[in-house]
Amino acid sequence: MNLAFVKITVIKKLDILVIKAFIGPFIATFFITLLVLVMQFFWLYIDDFVGKGLGVGLIFEFIGYQSTSLVPLALPLAVLLSSLMTFGNLGESYELVAVKSAGISLLRFMRPLFIVSFLISCLAFLFTNYIMPIAALKSRTMLTDIVYAKPSFDLKEGVFYDKIPGFSIKIGKKEKNDSVIRDIIIYEQKDMLQDNFIVASDGIMRIADNKKDLEFNLKNGWRYEERGTPNAPTEFIRLGFKEYRKRFDLSTFGLQQRTADSVNKNNARMLSMRQLNVAIDSIKKVNARIGDRVKSEVFVQMPFTANLDSNWKVGSTPLKRKSFDAILPDSTKLSVEQRVNNKIATLQNSNEANLSVFKEESRTLRLYQIEWHKKLTLSLACVVLFMIGAPLGSIIRKGGLGTPMVFAIAFFMLFYFSSTSGEKFAKEGSWGMVPGMWFSFMILIPIGVFLTYKAMHDSQVFNKDFYTRFFKRLNFRKR
């Protein structure tokens with residue numbers, strides 16, 4: 001009795017030990033992975049953020065939304081890498097050997113972390129279903145506003161600035177305070193026929209009190225103006241001035257007004273699973289109505305419908321007869337085929353609008369179904385990648401961020417590219433929704449089972465010392 005109690009106590013301590021060994025690397029790798037994913041995003045869109053006068057608060061707000069929307073993708077990689085590190089550290093310090101020698105199987109030792117990874121998977125699903133759609137909605141709306149915002153106003157010495165509609169401005173020199181400017185040229189184009197420009201030796205540039213206008217107080221210059229119509233004499237005017245004030249509207253520069261979130265609310269990524277179910281059901285009903293309408297319209301145009309029995313019903317079991325080719329004479333096959341092809345082309349042209357709507361609705365349906373399955377696959381990926389990481393770590397027996405990082409990246413890339421390829425085929429309709437969206441699981445689950453089997457039998461398949469000894473024995477035999 002005491003022996004059983006001692007064994008249960010030891011197992012509980014081992015469970016606590018392995019969980020504590022897992023939590024630290026998981027938290028660290030999760031934030032590192034999230035940072036890498038966010039940096040990858042900014043690497044793609046950095047040109048759309050630079051030079052638009054975005055405030056620090058706005059940038060941090062966008063980073064917060066974008067980071068939140070990337071959490072479901074960061075969790076599986078964090079679970080994979082942390083499980084690899086945990087069991088690699090335990091194997092490197094021979095703690096796994098001690099556990100196995102005590103009669104505790106690897107599967108029993110993995111059980112607490114399997115439960116933890118399952119709980120992480122459940123939390124990932126709740127996050128993906130309820131929080132990520134809101135974060136994705138906010139992030140997409142802000143990104144659209146930022147991408148289409150005009151660059152902030154920035155005048156450089158000796159360069160014509162033409163971002164203000166209808167004007168091109170060149171400043172020869174700016175003083176250190178950026179207010180006093182010299183050798184100014186302002187080119188103004190009112191229409192295609194009249195070009196006006198202002199030349200001044202110096203002036204003062206400042207933002208107007210309303211914060212929306214740029215004000216130039218020019219001194220000692222000339223204004224040249226051209227007046228005329230297409231078929232009339234042109235009139236040239238030159239006006240000298242000692243002081244001249246010119247204002248430019250800057251209200252369209254930078255991110256001035258935020259788009260309402262409701263603009264993107266119907267996007268598939270912005271919906272929860274319940275909302276996706278409603279949308280999918282609605283689209284299926286629309287497609288069913290289109291299909292019934294096309295069937296009825298096509299059926300009426302068929303010549304044989306005039307000879308049908310009044311008791312015949314659509315969908316009734318046809319009589320078993322010989323094939324059409326078997327009873328059709330060779331002399332009439334060509335003309336019959338031409339008539340059939342012409343009839344099919346006529347039916348397609350008459351129902352082209354319905355077919356176009358049906359194809360578009362089918363494409364939209366696939367997008368909604370993809371997002372529905374993705375909420376499950378991204379969540380369950382935590383469990384599947386743990387099934388790979390834990391046995392692989394016990395096989396390679398290397399801790400830290402070196403070897404585990406290499407294997408983690410390799411298997412995560414396999415997961416990412418297989419899931420992306422399957423999603424692409426499902427989106428195009430080449431594959432069914434289940435084979436396409438669960439294609440990565442069909443690859444990774446057998447790999448996880450294989451690695452678990454090898455780890456339970458102390459396989460040396462990923463141990464470099466095993467291959468070193470093997471080649472040494474091979475060279476010794478050759479001698």
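Trainee: In this predicted model, is Lys 246 buried or exposed?

Mentor: Lys 246 is buried, because its relative accessible area is 13%, and the cut-off for buried is under 20%. The residue sits in strand E5, which covers residues 235-249. If we set aside residues up to four places away in sequence, Lys 246 touches Phe 167, Glu 188, Leu 214, Glu 215 and Phe 216.

Trainee: What share of the residues of the protein count as buried?

Mentor: Of the 479 residues, 37% count as buried. The protein has 12 helices and 5 strands, and among its contacts with a separation of 6 or more, 69% are accounted for by residues 24 or more positions apart.

Trainee: How should I read the packing of two helices, and what are the values for H9 and H11?

Mentor: Two packed helices are described by the angle between their axes and by the distance between those axes. Here helix H9 (residues 403-428) and helix H11 (residues 439-456) pack at an angle of about 150°, and their axes are 7 Å apart. Angles over 145 degrees count as roughly antiparallel, and H9 and H11 are therefore roughly antiparallel to each other. On the H9 side the contact is made by Phe 411, Leu 414, Phe 415, Ser 418, Ser 419 and Gly 422, while H11 contributes Phe 439, Ser 440, Ile 443, Leu 444, Ile 447 and Leu 451. Sorted by class, this contact has 8 nonpolar, 4 polar and no charged residues.

Trainee: Which residues does Phe 425 contact, leaving aside its neighbours within four places in sequence?

Mentor: Phe 425, which is found in helix H9, is in contact with Ser 430 and Trp 431 once those neighbours are left aside. Its relative accessible area is 31%, so Phe 425 is partly exposed. Phe 425 and Pro 435 are 10 residues apart in sequence, and their C-alpha atoms are 9.3 Å apart in space.

Trainee: How many residues line the largest pocket, and which of them lie nearest its centre?

Mentor: The largest pocket, with a volume of about 1,500 Å³, is lined by 46 residues, of which Gln 40, Leu 70, Leu 73, Arg 269 and Tyr 416 lie nearest its centre. The elements that give two or more residues to this lining are helix H1 (2-49), helix H2 (56-92), helix H4 (106-148), helix H8 (352-396), H9 and H11. Helix H9 provides the largest share of the lining, 11 residues.

Trainee: What is the make-up of that lining by class?

Mentor: The lining of the largest pocket has 27 nonpolar, 12 polar and 7 charged residues, whereas the contact of H9 with H11 has no charged residues.

Methods: Residues are numbered from 1 along each chain as its sequence is written. This is a predicted model: local features need pLDDT of at least 70, side-chain atom pairs count only at pLDDT 80 or more; totals for chains, interfaces and linings use all residues. Side-chain values use heavy atoms; hydrogens and water are left out. Axes are lines fitted to C-alpha atoms, for helices over the stretch in contact, and angles run from 0 to 180 degrees between N-to-C directions. Helices (H or I, at least four residues) and strands (E, at least two) are DSSP runs, numbered from the N terminus. Angles under 35 degrees count as roughly parallel, over 145 as roughly antiparallel, 65 to 115 as roughly perpendicular and the rest as oblique. Contact means heavy atoms within 4.5 Å. Ala, Val, Leu, Ile, Met, Phe, Trp, Tyr, Cys and Pro count as nonpolar, Asp, Glu, Lys and Arg as charged, and the others, Gly among them, as polar. On a 1 Å grid over the protein atoms alone, a cavity is a set of points where a 1.4 Å probe fits but cannot get out, and a pocket is an open set with protein on both sides within 12 Å along at least five of seven lines; lining residues have an atom within 4 Å of a point. Grid points are joined across faces, edges and corners, and a volume is the space filled by probe spheres set on the points. Buried means under 20% relative accessible area, exposed over 50%, partly exposed in between (1.4 Å probe, protein chains only).
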